[in-house]
Amino acid sequence: MLNLQKIYDARKVLKESTRVTDVIYSPTLSKQSGSEVYLKTENLQLTGSFKVRGAYYKISCLSEEEKSKGVIACSAGNHAQGVALASKKFGIKAKICMPDGAPISKVEATKSYGAEVILVPGVYDDAHNEAERLKKKHGYTFIHPFDDEDVIAGQATIGLEILEQLEDVEAIIVPVGGGGLVSGIAYAVKTLKPEVKVYGVQSAGAPSMFNSVHDHKIEILSSVSTIADGIAVKEPGSLTFELCSKYVDDIVTVTDDQVSAAILALIEKQKMIAEGAGAVSLAAVMFNKIPEIAGKKVCCVISGGNIDVTILSRVINRGLLMTGRCCTLTLELLDKPGQLAEVTSIIYQCGGNFTGVLHERANKGSDINDCYVSLQIETKDLAQINLIKKSLKKSGFKLI
């Protein structure tokens, strides 16, 4: 059974393999959100994610016979690296089943720790099924990424650290995939300090635990779609569902656009890189998904920083659009001299900065003397975009 003694034992074991990550206060994000915001920087953990805590502790608990047969795991990337690193330190063989859509950077990082990677078509749950099949066939020990008491105990050590680092914390916001992290933190925190609120955050494109907890039964999603690949889980664990139902105060969801905005905020305001799954906690605070935390001392767990650099630019662009930092306006103009000059003058007076212009003749169905101009504009915020639109319309220009 999960208990405090097991969690304290996990912390003792993890002293040799993980770091106590810092809790950082963010004055900028606090001012923006209306809460006193602190960040638990698990994105700076070894392997770039909290997952090494649970994986290492679980493997440390294996018998010598289990270690001799080797281990197998399934993961979208972070658990894979944790299992691979722990296996290497204990000198045992590891096979990792990963979805074939997992970021290349996570696949290569897992291989770099000495594990054998098996890419499985589909999402996390498909990788899980293949891992279970290989486990039965070869007798490997399966290291579950979340639905295991030892793994949960390892993740729960984060809760102990937060309570020690931020003694008067009032709420802790935690990313949720299968539920191992949030259930571990919630169990530790509620057992030691029940007045502290614990909230979970899932992606709106993969709300398996959200649906299950609110409907009071485990539900399986037919599909998942989110940039937060680390929490793209179709079905929560039975143990984590039970713990979440009992100890987590509420679970909310955030959109991919909101997650992108949170990633951008961490880069700009904190000089910190987070992956999608790691930034959902901050997204919930930034976009007021948990009204109860207004004005309170809040700790957001930034659970991982292993974002694929090839998609980082796309995520940043989504974040810029979401927060009104850039926009594209298309106007229908009379094709005569001076029109574009007047448009650019209006936008300049409103403080906008051009980053691109596309001019094309009118298409079928429009007036023969018309043309279209698409303007890419760098802006300060959504209010400035609305000012630009209003000024253009006031001057008689037609926005498409």
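Predicted model: local features only at pLDDT ≥ 70, side-chain atom pairs only at ≥ 80, totals over all residues.
Residues are numbered from 1 along each chain as its sequence is written, and side-chain values use heavy atoms, with hydrogens and water left out.

Helix H15

- Helices (H or I, at least four residues) and strands (E, at least two) are DSSP runs, numbered from the N terminus.
- H15 spans residues 339-349, and its residues Gln339, Val343, Ile346 and Ile347 are buried, meaning under 20% relative accessible area with a 1.4 Å probe and protein chains only.
- Seen down the axis of H15, the buried residues fall within an arc of 95°, so they line one face of the helix; the arc is that of the directions from the helix axis to the C-beta atoms.
- Tyr348 and Gln349, on the face turned away from the buried side of H15, are exposed (over 50%).
- Strands E11 (326-334), E12 (353-361) and E13 (370-378) and helix H16 (382-394) pack against the buried residues of H15.

Nonpolar cores

- A nonpolar core is a set of buried Ala, Val, Leu, Ile, Met, Phe, Trp, Tyr and Cys residues joined through side-chain atoms within 4.5 Å.
- The largest nonpolar core has 58 residues, and Ile7 is one of those with the most contacts inside it.
- Apart from it lies another core, of 35 residues, including Met272 and Val315.

Ser208

- Ser208 lies in helix H10 (residues 208-215) and counts as buried at 0% relative accessibility.
- A polar atom of the Ser208 side chain lies 2.8 Å from the backbone oxygen of Val233.

How values were computed
Contact = heavy atoms within 4.5 Å. Polar contact = N/O pair within 3.5 Å; in protein donor to acceptor, adjacent residues only side chain to side chain.
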